[in-house]
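Please look over the structure shown here. Some questions and answers on it follow.

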Amino acid sequence: MLRGELELAARPGRDLAELTAAVRGAGAEAERLARLTDDLLLLARSDEDRFGLRLERTDIGALLRRGAELAGSRLAAAGVTGRVDVPPGTCADVDPDRILQAVDNLVGNALRFAPQGSVIVLAARAAGGDLEIEVSDDGPGFPVGFLPHAFERFARPDSGRSRDDGGAGLGLAIVRAIAVAHGGVAVVANKPGGGAVVTLRLPGVAGPA
């Protein structure tokens, strides 16, 4: 696709508007390829146990509010509201950058399915000394046949159920890799009343500020 955009830009007789559109298209494709490369590198490091977490005591509520803030423009464009639900004082020893990356991936996934006017909830809570972080939406939920394969690399649900065709199918694989690097797990499920929820369960790290 990038090569096609560049070939289009190089054709003789292109006017300024066509050249601008071709360059913008090439830039967007180059950015997509850079993200894909970064994702594959991250997963390769995870396979080799070289994730390199930097754990620090983190205010989880503030972290999820930051995640909602970063996704603000995408939420607004989709006509979806983001809500953060975290008890005050919930803190944990985590790598904040990696957790923020996982949450951003989950919000991006939810945005592909959440209907206009609905709410995507970023929630966290201490559970027996552990930490649970959840991102849920009110969309159609995961296809039942997709659930056992949700964290497989390049796995994607039926694109006909979403507002676009999604990404490369690495987002949930990265979410699980981040959870595993923290010594935890990631779980996907459908809510009884409709919608999807993905939970990161990180053992032995949650506690008061």
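Q: Is aspartate 93 buried, partly exposed or exposed?
A: Buried means under 20% relative accessible area, exposed over 50%, and partly exposed in between (1.4 Å probe, protein chains only). This is a predicted model, where local features need pLDDT of at least 70 and side-chain atom pairs count only at pLDDT 80 or more, while totals for chains, interfaces and linings use all residues. Residues are numbered from 1 along each chain as its sequence is written, and side-chain values use heavy atoms, with hydrogens and water left out. The relative accessible area of aspartate 93 is 33%, so the residue is partly exposed.

Q: With which residue does aspartate 93 form a salt bridge?
A: A salt bridge is a side-chain nitrogen of Lys or Arg within 4 Å of a carboxyl oxygen of Asp or Glu. For aspartate 93 the closest N and O atoms are 3.2 Å apart, and the partner is arginine 57.

Q: How many residues apart in sequence are the parts tied together by aspartate 138 and lysine 191?
A: The side chains of aspartate 138 and lysine 191 meet in a salt bridge of 2.9 Å, N to O. Aspartate 138 lies in the loop between strand S5 (130-136) and H6, and lysine 191 in the loop between strand S6 (185-190) and strand S7 (196-202), so the parts tied together are apart in sequence by 53 residues.

Methods
Helix = DSSP H or I, 4+ residues; strand = E, 2+ residues; numbered from the N terminus.
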